[in-house]
Amino acid sequence: LSLFTKEFLDKLTVPIVIFQAIFDSTSSVHDYKVIYVNEEHRKQSGNFHTPGQYYSEFKDKLPPTIHFFDIFNNVIKTGETYVQEYLNLSLNRWFKMTLQEMGKDMISLSKVDITSEKLLERHVQFLELNDCATGLANSANFLKTLRQKVEVAKASDKKIGLIVFNI
């Protein structure tokens, strides 16, 4: 990376790591090397990724639900941008990760903390189905549950009954 590019990336408020694919003698990718970590990533993650470090050295510390090596390979192979939201259980924070190709053998990884948005989304979902004053299920929740129960009854060829008291 050029000095200009590094200076530019260091000014961004989004954490960024740049990896370079390491090929074996058969031209297959066998690892990825960290070639750059911007200042914002260092602030948020400490020395989790350091230039010169290999993916194979820290892969066991990554969320097990995300298959980074396969995703990296797909981005390198197709050139398609990859975006995924995930929950980091050790930090109890939600992140949106974006992987983009930067030339034929380099990938940039950026991540944005979306915990606030996820909490707001959950709160809105709760309010859609519950009374905001009491927290009890509202009529929308009742109708949703009733539809589900009717579908289950139809699928199992059973009858259901409903008694309604309007107080």
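Predicted model: local features only at pLDDT ≥ 70, side-chain atom pairs only at ≥ 80, totals over all residues.

Biologist: In the hairpin of β1 and β2, which residue takes a positive phi?
Modeller: Five residues lie between the strands of that hairpin. Residues are numbered from 1 along each chain as its sequence is written, and side-chain values use heavy atoms, leaving out hydrogens and water. The residue with a positive phi, near 65°, is Ser-27.

Biologist: How many bridges join β1 to β2?
Modeller: Strand β2 covers residues 29–37 and runs antiparallel to β1; strands here are DSSP E runs of at least two residues, and helices are H or I runs of at least four, numbered from the N terminus. Phe-23 has Val-29 of β2 as its bridge partner. The bridges joining β1 to β2 number seven.

Biologist: In what sense do β1 and β5 pair?
Modeller: Strands pair if DSSP finds at least two bridges between them. β1 (residues 16–23) and β5 (residues 106–113) have five. The bridge partner of Phe-19 in β5 is Ile-107. The sense of the pairing is antiparallel.

Biologist: Is His-49 buried or exposed?
Modeller: His-49 is in the loop between α2 (39–45) and α3 (55–58). The cut-offs are under 20% relative accessible area for buried, over 50% for exposed, and partly exposed in between (1.4 Å probe, protein chains only). The relative accessible area of His-49 is 8%, so His-49 is buried.

Biologist: Which side chain makes a polar contact with the side chain of His-49?
Modeller: Contact means heavy atoms within 4.5 Å. Beyond four places in sequence, His-49 is in contact with residues including Val-17, Phe-19, Val-34 and Phe-58. A polar contact needs a pair of N or O atoms within 3.5 Å; within protein, one must be able to donate a hydrogen and the other to accept it, and sequence-adjacent residues count only if both atoms are side-chain atoms. At 3.4 Å, the partner is the side chain of His-41.

Biologist: What arc do the buried residues of α4 cover around the axis?
Modeller: In helix α4 (residues 68–78), Phe-68, Ile-71, Phe-72, Val-75 and Ile-76 are buried. They sit on the same side of α4, because their arc, taken from the directions from the helix axis to the C-beta atoms, is only 135°.

Biologist: Which residues are exposed on the other side of α4?
Modeller: The buried residues of α4 are covered by elements including β1, β2, α3, β3 (82–88), β4 (93–101) and β5. After α4 comes Gly-79, with a positive phi near 80°. The exposed residues on the other side of α4 are Asp-70 and Lys-77.

Biologist: Where is Asn-92 found?
Modeller: Asn-92 has a positive phi of about 55° although it is not a glycine. Most residues other than glycine have a negative phi. Asn-92 counts as exposed because its relative accessibility is 57%. Asn-92 is found in the loop between β3 and β4.

Biologist: At what relative accessibility does Asp-157 count as exposed?
Modeller: Asp-157 lies in the segment after α6 (139–155). Asp-157 is not a glycine, yet has a positive phi of about 55°. Asp-157 counts as exposed because its relative accessibility is 73%.

Biologist: How many Å apart in space are Met-106 and Asn-166?
Modeller: Met-106 lies in strand β5. Met-106 counts as buried because its relative accessibility is 17%. Met-106 and Asn-166 are 60 residues apart in sequence, and their C-alpha to C-alpha distance is 64 Å.
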